[in-house]
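Keep the structure open as you read.

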Amino acid sequence: MKNKISASLMCADFFNLKETVKLLEKHNVDYLHIDIMDGKFVPNLGIGSDCIKALKKHTSIPFDYHIMVKEPDSIIDLLGIRENDIVSVHYESSSQIQRTLDNIKKYNCKVMIAINPATPLCVLEELIYYIDGINLLMVNPGFAGQKMVDNCKKKADKVGRIIRKFKRDDIIFEVDGNISFEHAKMLKQFGANMFVAGTSSLFLDCNLEQNIGKMQVALEE
Ligand code: DX5
Ligand code: ZN
């Protein structure tokens, strides 16, 4: 599977969103990572449904929704999910997570489980049959610009091993939070194949075009 870049939109300059999205298109960035938050599951607010609708009208880049909302079933119909999109929901966010995963599948999109730094990885052994991918958080989600939580490097290694144990080489293994160029290279070795690029890489020093190139090189090497 080709390594994919998912540009974290919450890290973009909102005053220049149109120019940013055009540049991401021009350089064939694979996904727009859309952080959706409710101020309860995580202590922040993310990108709202009207903003998503406006964006959907003007870009053909597929969306990589990262839903950080308590009981996400109540909001998924507001998001304009399409077939080529990806949706991840947190294990702890739903009282019946398998039902939630099934509910999202009605859009024929790819569905992923999001794993926090302290979520036990044994849950993957139960859920792996129902998912197209794993979004492994390298930080506690909610805010851009955080440092990778210490144990997450080991955790990424373990996730790679679980994927191999279940012979799921088709699976999307996304990593999210503090994905610098260096961290991307390191995580790629554990089998990560989709990289959320935020303030640690693409949106560093307002040099988007150059940073896209640097990330593409880091993922090819
Ligand atoms: C964390 C968010 C990420 C984050 C990634 O809650 O899901 O999308 O913005 O960017 P940086 O590089 O700032 O961690
Ligand atoms: Zn995210």
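This is a predicted model: local features need pLDDT of at least 70, side-chain atom pairs count only at pLDDT 80 or more; totals for chains, interfaces and linings use all residues.

A polar atom of the His 66 side chain lies 3.4 Å from an oxygen atom of ligand 1. How much of ligand 1 does the protein cover? On its own, ligand 1 has 380 Å² of accessible area, and the protein covers 100% of it.

Now look at the surroundings. Ligand 1 takes up the space of the largest cavity. Around it stand 18 residues. The closest are Asp 35, Gly 142, Gly 145, Thr 199 and Ser 200. By type, the shell holds ten polar, six nonpolar and two charged residues.

Turn next to the zinc ion, ligand 2. Which residues coordinate it? The donors are His 33 through NE2, Asp 35 through OD, His 66 through ND1 and Asp 176 through OD. Their distances run from 2.0 to 2.2 Å. Along the sequence, the donor spacing reads H-x1-D-x30-H-x109-D. Asp 35 sits in strand S2 (residues 31-37), and His 66 in strand S3 (residues 63-68). These two are 31 residues apart, so the pair links distant parts of the chain.

Notes: Residues are numbered from 1 along each chain as its sequence is written. Chains are lettered from A and ligands numbered from 1 in the order in which they are written. Side-chain values use heavy atoms; hydrogens and water are left out. A residue is near a molecule or strand if one of its heavy atoms lies within 4 Å of it. A polar contact is a pair of N or O atoms within 3.5 Å; within protein, one must be able to donate a hydrogen and the other to accept it, and residues adjacent in sequence count only if both atoms are side-chain atoms. Accessible areas come from the Shrake-Rupley method with a 1.4 Å probe; for residues, only the protein chains shown count as cover. On a 1 Å grid over the protein atoms alone, a cavity is a set of points where a 1.4 Å probe fits but cannot get out, and a pocket is an open set with protein on both sides within 12 Å along at least five of seven lines; lining residues have an atom within 4 Å of a point. A molecule sits in a cavity or pocket if more than half of its atoms lie within 2 Å of its grid points. Ala, Val, Leu, Ile, Met, Phe, Trp, Tyr, Cys and Pro count as nonpolar, Asp, Glu, Lys and Arg as charged, and the others, Gly among them, as polar. Donors are N, O and S atoms within 2.8 Å of the metal (3.2 Å for Na, K and Ca); water is not among the atoms, so sites may look incomplete. Helices (H or I, at least four residues) and strands (E, at least two) are DSSP runs, numbered from the N terminus.
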